[in-house]
Amino acid sequence: MRRAIFPGSFDPITFGHIDIIQRAAPLFDELIVAVLVNPDKHAAFSTERREELIRQVLPPLNVRVTHFDGLLMDYAAVCKAQAVVRGLRAVSDFEYEFQMAQLNRQLNPTVETLFMMTAPQFAYISSSMVRQIATLGGDISALVPAGIIPAVQAACRR
Ligand code: COA
């Protein structure tokens, strides 16, 4: 069973994340989209809501949506994943991702980190920008699927 984890905050999921999920899922028997429960990061959406929004926008692929806390490498061992998938949007993502991949390798050398280039049309998207634009009443239809726009607007409107 080839299993990979696509971890992240997904606060909220964007077209950039969906691009990576749709391209990574066929490469594995199962792709686990895992929402990080991070008490240090103030999230706009609860963990459960983030999971719901992800499920709402994903076509029925071989994808399981769930959440985790603690170390990603511990979680990978628990769910018997051989790989972690990360999207790279720009060179600026590289340094952080490189550091994480090296540290994760030290923690668990049996888990590979695989990087995929985010499609260029989504390379400028980030969840915090989506939240900021929604908060200020801007158009987010090019950034997140239509089905979750009302939820994002409701959570972000002041
Ligand atoms: N398309 C669009 N946006 C993307 C993207 C893509 N393909 N990939 C990342 N992003 C954006 C996200 O929207 C997010 O934007 P924001 O900061 O504006 O909210 C930002 O890039 C960060 O991405 P995200 O994937 O959510 O990463 P993260 O830094 O929140 O979490 C984890 C990364 C979950 C992998 C990491 O924190 C982790 O493993 N934590 C567990 C603890 C642990 O094991 N620590 C040791 C690690 S060495």
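1. One of its oxygen atoms is 3.3 Å from an N or O atom in the side chain of Ser 126. That is a polar contact, a pair of N or O atoms within 3.5 Å. The protein covers 84% of the 950 Å² of accessible area that the ligand has on its own. Areas come from the Shrake-Rupley method with a 1.4 Å probe.

2. Note the basis. This is a predicted model, where local features need pLDDT of at least 70, side-chain atom pairs count only at pLDDT 80 or more, and totals for chains, interfaces and linings use all residues. Residues are numbered from 1 along each chain as its sequence is written, and side-chain values use heavy atoms, with hydrogens and water left out.

3. Now the nitrogen atoms. A ligand nitrogen is 3.1 Å from an N or O atom in the Thr 118 side chain. A ligand nitrogen is also 3.1 Å from a polar backbone atom of Ile 125.

4. Look at the shell. It has 24 residues around the ligand, and Ser 9, Leu 72, Tyr 96, Ser 127 and Ser 128 are the closest. Here, near means a heavy atom within 4 Å. The largest share, four residues, comes from α4. At least two residues each come from β1 (3–8), α1 (15–24), α4 (91–107) and α5 (127–135). Helices (H or I, at least four residues) and strands (E, at least two) are DSSP runs, numbered from the N terminus.

5. Finally, His 42. It sits in the loop between β2 (30–36) and α2 (47–57). His 42 counts as exposed because its relative accessibility is 74%; exposed means over 50%.

Key
Buried < 20%, exposed > 50% of the residue type's maximum accessible area, 1.4 Å probe, protein only. Polar contact = N/O pair within 3.5 Å; in protein donor to acceptor, adjacent residues only side chain to side chain.
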